[in-house]
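The sequence and structure come first.

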Amino acid sequence: MTLRAGLLRHRITIRRATQVQNAKGGYTSSWATVATPKARLEGMGGRESMIASTLQGISAWRITIRWRAGVLQSDQVVLPDGTELNVVSADDPDGMRERL
């Protein structure tokens with residue numbers, strides 16, 4: 001299936017956790033921007049769950065971008081409204097290197 005450019009309407013940010021040395025010689029965690037591709041965003045619904053004895057809202061998204069190497073499951077995606085999402089899967093669905 002060819003990915004039409006008109007479907008990629010949103011600019012997202014893909015970030016990766018990095019360790020940055022601080023002034024005291026230790027390290028602090030920081031997020032570094034890996035890429036800012038155009039993407040198709042699809043909300044997949046939501047639910048509520050008990051996490052650490054607190055009721056939390058959980059939402060699922062399908063984000064489609066043009067294929068690129070190096071997107072990891074440990075990465076994070078920031079939506080245009082500032083919502084931060086953790087990457088669960090970064091698989092090429094049909095093996096054609098057209099989209100993730």
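A strand here is a DSSP run of type E with at least two residues, and strands are numbered from the N terminus. On that basis, this predicted model reads β-β-β-β-β-β-β along the sequence. The chain has seven strands and zero helices.

**Overall dimensions**

The radius of gyration of the chain is 16 Å, whereas a compact globule of 100 residues would have one near 13 Å. Along the principal axes, the C-alpha atoms fill a box of roughly 50 × 35 × 25 Å. Of the 100 residues, 20% count as buried. Among contacts with a separation of 6 or more, 49% join residues 24 or more positions apart.

**The sheet**

An open sheet is formed by four strands in the order β3-β2-β6-β7, with antiparallel pairing. Its edge strands, β3 and β7, each pair on one side only. On average, neighbouring strands of this sheet are turned by 40° against each other, direction ignored.

| Strand | Residues |
|---|---|
| β2 | 13-21 |
| β3 | 27-35 |
| β6 | 76-78 |
| β7 | 84-86 |

Strands β2 and β6 are joined in the antiparallel sense over three bridges. Ile-14 stands opposite Val-77 in β6.

**The core**

Ile-14 and Val-77 also belong to the largest nonpolar core, which has ten residues.

Conventions:
Residues are numbered from 1 along each chain as its sequence is written. This is a predicted model: local features need pLDDT of at least 70, side-chain atom pairs count only at pLDDT 80 or more; totals for chains, interfaces and linings use all residues. Side-chain values use heavy atoms; hydrogens and water are left out. A nonpolar core is a set of buried Ala, Val, Leu, Ile, Met, Phe, Trp, Tyr and Cys residues joined through side-chain atoms within 4.5 Å. Buried means under 20% relative accessible area, exposed over 50%, partly exposed in between (1.4 Å probe, protein chains only). Two strands pair if DSSP finds at least two bridges between them. Axes are lines fitted to C-alpha atoms, for helices over the stretch in contact, and angles run from 0 to 180 degrees between N-to-C directions. The radius of gyration is taken over C-alpha atoms; the globule rule is 2.2 Å times the number of residues to the power 0.38. Contact means heavy atoms within 4.5 Å.
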